Amino acid sequence: MSFDALSPELVIAVVGTGAMGRGIAQVAAQAGITVLLHDTRRDGAEEARAAITDELNFLAAKGKLEWSVATTAASNLVAVARLQDVAPAHVVIEAIVENRDAKQALFKELEQVVSESCILATNTSSLSVTEIAAKCARPARVAGLHFFNPVPRMKLVEVVAGVATRAAVCDSLVALVNRMGHAPVRAQDTPGFVVNHAGRGLGTEALRLVAEGVAPFHEIDAILREQAGFRLGPFELFDLVGLDVSAPVMESIYRQYYEEPRFRPTPLLTQRLRAGLLGKKSGEGFYRYVDGHAVKPLPLRPPDDRPASVWVSSAQPGLGRSARALLSGLGAEIETAARPSEDALCFVTPLGEDVSTCCADEGLDPTRTVALDMLFANAQRRALMLSPFTSKASRDAAHGLLASGGQVSIVQDSVGLIAQRVVATIINIACDMAQQQVATPGDIDSAVTLGLGYPSGPLSWGNQLSPKVVLQILVNMQQLTGDPRYRPSPWLRRRAQLGVSLLAQNVNGTAPMT
């Protein structure tokens, strides 16, 4: 149940010639592989062959592909009308409807057609590879081969081993993906595989922040883009993907993990979906769209107010020093006494805590205390968090001061502010994936950067921020909220305690996946 991925005689079949099947066929043909195209729809395979050929010619005309490569690739595409005609294939990749019964039925048919050594690969994004394979006579040759759309541009491919899948099958598929010029990551057959599993933290935590009234969705998007470095905020991403896609996936992952608190959704997404607000495709989701562009509120004009003096807490010494340097650079008069004067505007720099807790712990006046997130010290945007009782005068003075150095978002009291709360959640989920052996730490990071476009792999990000800092954020959030969604992963806790990289695997071997 293996093949030589580098053989010039290699033949693969792609069954299902929609957008995904066509993309897979294109990259395979460009890699010099003979591709048999089959579709149950009459003339579907021939239409796909013609469409892929047109795309190859378009790329060559634009100078993005050599004409000789385009011509050779087009000649590698063969449309076949009958399923029996895929018999010569060394591997069959199905890209049909995302339905378990349909995929099982197809694989049972294929087993009557292909050789005993042929590998059967499913491009499922959300179904269990193990369950699909269970109806096969030879489940050991069935694996997941999850490409991402659009296939030619999205280089990540998840190679998924079901419970019965032989190791040699995944080894061959990894080699095939490499020949196609894509980047394989190995994953165990768990809900969401790697990307959809690792991606739970961003959206679910952002929805929780809105549900708690911490900030409106557009401010959360701005903070996570301009403070944490995401290319798109979570609500921009919801609208782009479509709420009709995101909501079922979020619900499915939560249910498949037996209501794991880390993946707990809020009703907000489903409510908008029921209202027909699907996102950009329907003209409105979280944002309203005019001519394809999101309509966003104009930023508030910052006040001209400035504080007479500021005092910065030393409860977090490093963050406090960064805050003093920032505020001093903006022209603030910094008080250096151990306690603030009666007129000082007080700044705290929490890690996982809220302003109220900082005020209570340090005996500060909540009417003139605000929090500043200094975990992302060089951010383009500052998140200014108020206590429930911060006075208007204190708020305006803090806003006016910070706005002289860039954009400011004003948010309500919350554990972990916004960026550190979301990023710590993402890192924690990735750590638990490593703990559960869903994938290796390196593959988790590669999958997230290639598949989700995050500014860093989550485990590398945790190393940059310091595992001890991430652990402290999570411990404080869990303690203050009592919510198990923030409980730290053992992978994170042990490495933080020992001062070891989050990418470090156990050196004494690991237990086999069951």
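Modeller: Please keep in mind that this is a predicted model.

Colleague: Is Val438 buried or exposed?

Modeller: Val438 is found in the loop between H16 and H17. A residue counts as buried when its relative accessible area is under 20%, and for Val438 that area is 1%. Val438 is therefore buried.

Colleague: In which loop is Gln437, and is this residue buried or partly exposed?

Modeller: The loop that holds Gln437 lies between helix H16 (419–435) and helix H17 (441–452). Although Gln437 is not a glycine, it has a positive phi of about 60 degrees. Its relative accessible area is 27%, so Gln437 is partly exposed.

Colleague: Across which strands does H17 lie, and at about what angle does it run to S8?

Modeller: H17 lies across two strands that belong to the sheet, and these are S7 and S8. Taking S8 as the reference, the helix H17 runs at about 125 degrees.

Colleague: In what order do the 8 strands of the open sheet stand, and which of them are at the edges?

Modeller: The order is S3-S2-S1-S4-S5-S6-S7-S8, with mixed pairing. Strands at the edges each have a single partner strand, so one side of each is left without a neighbour in the sheet. From one strand to the next, the twist averages 25 degrees. The strands at the edges are S3 (77–79) and S8 (183–188).

Colleague: In which sense does S6 pair with S5, and in which sense with S7?

Modeller: With strand S5 (residues 119–122), there are 3 bridges in the parallel sense, and Thr122 has Gly144 of S6 as its bridge partner. On the S7 side, Gly144 has Val160 as its bridge partner, while Phe147 stands opposite Val157. S6 and S7 pair over 5 bridges, and here the sense is antiparallel.

Colleague: Why is S6 described as largely enclosed by the rest of the structure?

Modeller: In a regular strand the side chains alternate between the two faces of the sheet. S6 is largely enclosed because the number of its residues that are buried is 6 of the 6.

Colleague: Which peptide bond is cis, and where is Pro150 found?

Modeller: Pro150 is found in the loop between strand S6 (142–147) and strand S7 (156–161). With omega near -5 degrees, the cis peptide bond is the one from Asn149 to Pro150.

Colleague: Where is Glu259, and what is its relative accessibility?

Modeller: Glu259 has its place in the loop between helix H11 (243–256) and helix H12 (267–274). Its phi is near 60 degrees, which is a positive value in a residue other than glycine. Glu259 counts as partly exposed, because its relative accessibility is 43%.

Methods:
Residues numbered from 1 in each chain as written. Predicted model: local features only at pLDDT ≥ 70, side-chain atom pairs only at ≥ 80, totals over all residues. Heavy atoms only, no water. Helix = DSSP H or I, 4+ residues; strand = E, 2+ residues; numbered from the N terminus. Buried < 20%, exposed > 50% of the residue type's maximum accessible area, 1.4 Å probe, protein only. Pairing = 2+ DSSP bridges. Axes fitted to C-alpha atoms, helices over the stretch in contact; angles between N-to-C directions. Contact = heavy atoms within 4.5 Å.
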